[in-house]
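Below are some notes for a colleague who is meeting this structure for the first time. Please read them beside the sequence and the model.

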Amino acid sequence: MQLDSKIPEGPIQDKWDKHRFDMKLVNPANKRKHTVIVVGSGLAGASAAATMGELGYEVKCFCFQDSPRRAHSIAAQGGINAAKNYQNDGDSIYRLFYDTVKGGDFRSREANVYRLAQVSVEIIDQCAAQGVPFAREYGGQLGNRSFGGAQVSRTFYARGQTGQQLLLGAYQALAKQIGEGKVEMFTRTEMLDLVLVDGQAKGVVVRNLVTGDVTSHSADAVVLATGGYSNVFYLSTNAKGCNVTAAWRAHRRGALMANPCYTQIHPTCIPQSGDYQSKLTLMSESLRNDGRIWVPQEPGDSRVAGSIPETERDYYLERIYPSFGNLAPRDVSSRRAKEAVDMGKGVGPQANGVYLDFKDAIGRLGQDTIAERYGNLFDMYQQITGENPYQVPMRIYPAPHYTMGGLWVDYNLESTIPGLFVVGEANFSDHGANRLGASALMQGLADGYFVLPYTIGNYLATQKDGAPSADSSEFKEVEREVNEKTQKLLNVDGKRTAEWFHRELGKIVWDKCGMARNEAGLNQALEEIRNLRGEFWKDVRVPGSGKDFNQTLEHAGRVADFLEFAELMCEDALQRDESCGGHFREEHQVDGEAKRNDEDFAYVAAWEFKGVGEKPELHKENLEFENVHLAVRSYK
Amino acid sequence: MKITLQVWRQANANDEGRFETYHQGGVNEEMSFLEMLDVLNESLINEGKEPVAFESDCREGICGACGMVISGSPHGPKKAITTCQLHMRSFSDGEEIWLEPWRAKAFPVVKDLVVDRSSLDRIVESGGFISVRTGSAPDANAIAVPKSNADRAFDAAACIGCGACVAACPNASAMLFTSAKVAHLGLLPQGQPERFSRAVSMVATMDQQGFGYCTNHGACQTACPKEISIDLIAMLNRDLAIGALSGA
Ligand SMILES: Cc1cc2nc3c(=O)[nH]c(=O)nc-3n(C[C@H](O)[C@H](O)[C@H](O)COP(=O)(O)OP(=O)(O)OC[C@H]3O[C@@H](n4cnc5c(N)ncnc54)[C@H](O)[C@@H]3O)c2cc1C
Ligand code: SF4
Ligand code: FES
């Protein structure tokens, strides 16, 4: 298989304009003859479905929640980047492009990133016009903040609920199209497989989660906007329902999966409190603007924070990174926290956190100012831990948060299966080996509002025959396979819950393919995952039937796919014998910092499925850096 | 700690439903309320029984998926939080806790504690938006919005669509939910062109979907995890009156 990224010719600033002109258009009268399936209603899916409905296509949109408004995007807190330069502080499209390529540790595709920075500007216009209540200054103009260590203020935000407000904007645009009959919405409906006809993506098989009915839907093209796979770790900041099923099923049908080992561990989450823990809660990164991170200098120091004198504290980020201090990038801060806890300096009842201390900030600015800035976060922290962060320092620890890897797509966001497009966190496209704060929302909306609706037209213009019948043998065969898998899950009737298997899997990958990885550990993880998968199919217990609302069955199906996917993630981590961004191979470091190897690894690793338990085949897309000079990413 | 749970079990919309009693030991104060139910469900599965169906997704109070009536109060005894944000430290050892689904004509039960709230989506589909074609928007700073209006619009936009207001209301009205959207959009200059027709059409859909009328009880405001104020209902009524008069 030859990977063709289809990057348009010409200078980087002109590529997208030129491409938009070169692409074929679908005649307005013909648009309603084309059906497009969109799986997912998060920022990427809702914006894509709404825009394509508005353009006149027949759109069918699916989500597993009871309403499209509940997609996981709703939980994003901090903000969305855009190169508006409203603060007149020297931002530009080029600077946002540059920061994103550098932040991604030179493992992303320049042309895609440049386009992302270009359309970022339009996103803010669109959202403001929809009524998204962004933060404003007293003069009525939009406010910005600096986020995630950026040296310009380019982040737009709506208090600590930016994802919610952006998603409600997209959801409302989608609702309008649903009300007008241009988009048909299927809630509580899970895509369980992709259907190919003559090698092209032409539909999906879904299960109605209330009735258990398994049915097919056909279309001219299929778009996956199904989000990321952080829940492979069991404990993550993602919503409980987030999963890899849709992407994994597409992968099994021939779509290559790119860079699955690139996962982002967010440094500021509330540490685990016990074995029953069901998820981890993110504390917005913005807290690092005023909080100071420290641990006791001596391992095993069990004194309460207030009794540890200044001279016996280690403000390790300020010490190691004097210029960035507490604002060092996510991957770097996370690794340093792990290091401190591994050395026995962890704090809290389980010695599994580090302090994020606001004492100095409260002393300098007053409690009211801190409350104004972070009041809702402080309340949330207190609600969860029972501790008052105005009086004692917060405890934080890194947690899986975002996945840069995903289905491989070309410049048109089309996967290696013709007619299958992938948008949002589900694709691998823009963030390389590490994503910058406030860039996921930007990418989801860029893909959905401004890129896909153009590029999919170029494909649809070639599809003259219309969607195939959903009664054809290709669909019936996939339906049969889906029913068979459901039955198989119910038939095992073993002794352990799917939840138990999910937790066990989480522990394996968190230990051996989490913040730090090494060859021996990864090999061991591969073996443990295979064994666990074997055990799952012998010993899982799924009560109830497939003919009604059965949440345990839903979860078991997702765990089954995670058990296959996890193996590929570790395989990819093993193959990438360098450190870059969120992928830290212990064998490759200088003074504890990631050591990239551009000579041998400046490529995208795209994997082809060869069967469960079979070695997947690696394909490489070489990355060319013509605009941003390859350099060591230093934050010292 | 130990607690006794009286849980509403109902196989589907046609089933009559009944309370079942579970004695739950090994509860830890640090657990969230839903984690306590996870533990119950694990043990039910291990005993070969069907787990209790309840909804949740984000588990941090923002998606609006979770929600049940806990000993008579939607989202439980604490103010301004969702069910998923409730922790066991808010209960005492030996307490008996009653769990029921949202009860409203417009929210048929799907199973146990899960209800169908798609009627709320129908209300939004009939007008809860600003019509703006993708790509046709002016520069975001071309429309200045006074900060106080933006802040008030935000307060209204914070609604998570959980339906607790409906469950709390003796008439099972969705006025608080509807007014939150009408106020959010109506407070912004971008929302003016459709302001009155939006109010008329969303309220008409609310009626069609089987929600009741508002008789100013205020129970909705007390139950709302996002502290949406009933003052917004007054705003909605004003827009509705203007809309009706002008034939919007
Ligand atoms: C706590 C938190 C805070 C964050 N804060 C920020 C931030 O401040 N700034 C930022 O830029 N990014 C942030 N992120 C990241 C960002 O929120 C996500 O990357 C982004 O929202 C993903 O959007 P999406 O549309 O790709 O997918 P999602 O929003 O995850 O949507 C996935 C959709 O797919 C559907 N789906 C999935 N599988 C199936 C299936 N098999 N069948 C049917 N439907 C399916 C779901 O129902 C859902 O509708 C944050 C993430 C988290 C976890
Ligand atoms: S108004 Fe409050 S209670 Fe009602 S749906 Fe919105 S958030 Fe829930
Ligand atoms: S689970 Fe999302 S609000 Fe409770």
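1. Between chain B and chain A there are five salt bridges, a salt bridge being a side-chain nitrogen of Lys or Arg within 4 Å of a carboxyl oxygen of Asp or Glu. In one salt bridge the side chain of Asp66(A) meets that of Arg117(B), at 3.1 Å from N to O.

2. The model is predicted, so that local features need pLDDT of at least 70 and side-chain atom pairs count only at pLDDT 80 or more, while totals for chains, interfaces and linings use all residues. Residues are numbered from 1 along each chain as its sequence is written, chains are lettered from A and ligands numbered from 1 in the order in which they are written, and side-chain values use heavy atoms, with hydrogens and water left out.

3. The contact (heavy atoms within 4.5 Å) takes 76 residues from chain B and 73 residues from chain A. The area buried between these chains is about 6,000 Å², with 50% given by carbon and sulfur atoms; buried area is the accessible area (1.4 Å probe) that two parts lose on being put together, summed over both.

4. Within chain A, domain 1 covers 265–400 and domain 2 covers 473–601, bounds that come from an automatic or database domain assignment. Their C-alpha centres lie 30 Å apart, and the contact takes 15 residues from domain 1 and eleven residues from domain 2.

5. The two domains of chain A bury about 930 Å² between them, 58% of it from carbon and sulfur atoms. Of the area that domain 1 buries against domain 2, Ile265(A), Arg335(A) and Lys338(A) supply 49%, more than any other three residues.
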